[in-house]
Amino acid sequence: MHTRAINKSNEEFASKLLAGNRVALGQAITLAESKTEADMLFAHELLTRVIGHTGKSVRIGITGVPGVGKSTFIDAFGTYLTTLGKKVAVLAVDPSSTKTKGSILGDKTRMKNLSRNPNAFIRPTATGTVLGGVADRTRETVLLCEAAGFDIIIIETVGVGQSETTVRTMVDFFLLLMLAGAGDELQGIKKGIIEMADALVITKADGENEVAANQAWANYQHALHLLAPASSGWQARVITASAVQHTGIAETWQLIESFLQAVHLTGYFTRNRKIQNQTWFYESIQAQLFQHLHQSEKMKTHLERYEQEIANDLCLPSAAAHQLVKDFLKALI
Ligand SMILES: Nc1nc2c(ncn2[C@@H]2O[C@H](COP(=O)(O)OP(=O)(O)OP(=O)(O)O)[C@@H](O)[C@H]2O)c(=O)[nH]1
Ligand SMILES: [Mg+2]
């Protein structure tokens, strides 16, 4: 989509977005995700206009290995939040991914209730290369959803790679979903992810699985107590939940509310948001510099030459990078 196609002034667009118009929100996200620089600038201008209306939501990251029950949990959890009068946006992110259109559609069908709920908005994040990187775009999408009046933003990511570390830097509360009856390694849970979590939810705690879920609850509760407290001062907790039987859903929200109360009191909430914005700034610089480097025709030949030399063990990667950056800076003058 191009700016021209939208055919309306930025001001009018901004007021539609602030009024919670879903079409405007969808278009704004598409613009932010666009590969065209003009679209990106349009989105930046729009965001600058509405920035005073952002930042008021609760941003929750939800991660877990494929099949752990993320989509089903979010469907139940999000629906519950709407019954409390909240407006819920769900962003599915997978920066490394190659997720096809089919599986994104699959996600929507697994969030059957939420996708039909007028107080919910579900949006998969565009994958592949976009200007400045996917993380940047997701952060902008969060702000756009906030401007459109969403109170809770859920960012879903698959907990097997780099993406959850990135998502951790965008959210206030980080929830790790786990299966009972399998070790962390067996589940493909990377070391360090548990340490990043503010809460663990043992999923599918129903039927035959209930006993194992309770056992896992006790084990993880014990393991968490052995960890040093997080910089937020919050002691991570474990909950068992069944999205099918709707147990552990309200408890999860209560836990998040206690967390919010605690971190607002200590000032950590605001401090953390500020740190996250700094992180965004520096990551964005890095991504944009890299993008410019890649787009430069002149540097392309240099890049290819160094790649060849590295492949043939003719030069040290760090030395090549040093020289390349020097050449790039020289080319800019
Ligand atoms: N018994 C039971 N089954 C569940 C529950 N939650 C999810 N499931 C089932 O587990 C399977 C995977 O659930 P999803 O919600 O799609 O899992 P996911 O983590 O989103 O998976 P990916 O999107 O592939 O990463 C589905 O067949 C669900 O029906 C639950 O609370 N109880
Ligand atoms: Mg899913």
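**Close-up views of a predicted model**

**View 1. Strand β6 is covered on both of its faces.** In this predicted model, strand β6 spans residues 199–202, with Ala 199 and Val 201 buried on one side and Leu 200 and Ile 202 buried on the other. In a regular strand, the side chains alternate between the two faces of the sheet.

**View 2. Strand β6 pairs with β5 and with β7.** Strand β5, made of residues 173–178, runs parallel to β6 and is joined to it over 4 bridges, and within this pairing Met 178 stands opposite Ile 202 of β6. The pairing of β6 with strand β7, residues 237–240, is likewise parallel and extends over 4 bridges, with Thr 240 of β7 as the bridge partner of Ile 202.

**View 3. An open sheet is built from 7 strands in parallel pairing.** The strand order is β3-β2-β4-β1-β5-β6-β7, and the edges are formed by β3, residues 120–124, and β7, each of which pairs on one side only. On average, and with direction ignored, neighbouring strands of this sheet are turned by 20° against each other. Helix α11 packs on the sheet, where it touches β5, β6 and β7, and the direction of α11 makes about 175° with that of β7.

**View 4. Strands β2 and β4 pair in the parallel sense.** Strand β2 covers residues 88–93 and strand β4 covers residues 152–158, and the two are linked over 6 bridges. One of the residues in this pairing is Val 88, whose bridge partner in β4 is Ile 152. Strands of a sheet pair through backbone hydrogen bonds, either parallel or antiparallel.

**View 5. Helices α14 and α15 are roughly antiparallel to each other.** The axes of α14, residues 297–311, and α15, residues 317–332, come within 11 Å and cross at roughly 170°; angles over 145 degrees count as roughly antiparallel, and the two helices are therefore described in that way. On the α14 side, the contact involves Lys 298, Met 299, His 302, Leu 303, Tyr 306, Glu 309 and Ile 310, while α15 contributes Pro 317, Ala 320, Leu 324, Asp 327, Phe 328 and Ala 331. Sorted by class, the contact between α14 and α15 comprises 9 nonpolar, 1 polar and 3 charged residues.

Key
Residues are numbered from 1 along each chain as its sequence is written. Chains are lettered from A and ligands numbered from 1 in the order in which they are written. This is a predicted model: local features need pLDDT of at least 70, side-chain atom pairs count only at pLDDT 80 or more; totals for chains, interfaces and linings use all residues. A residue is buried if 20 or more other C-beta atoms lie within 10 Å of its own, exposed if 12 or fewer, and partly exposed in between; C-beta atoms are placed from the backbone. Two strands pair if DSSP finds at least two bridges between them. Axes are lines fitted to C-alpha atoms, for helices over the stretch in contact, and angles run from 0 to 180 degrees between N-to-C directions. Two residues are in contact if their C-beta atoms, placed from the backbone, lie within 7 Å. Angles under 35 degrees count as roughly parallel, over 145 as roughly antiparallel, 65 to 115 as roughly perpendicular and the rest as oblique. Ala, Val, Leu, Ile, Met, Phe, Trp, Tyr, Cys and Pro count as nonpolar, Asp, Glu, Lys and Arg as charged, and the others, Gly among them, as polar.
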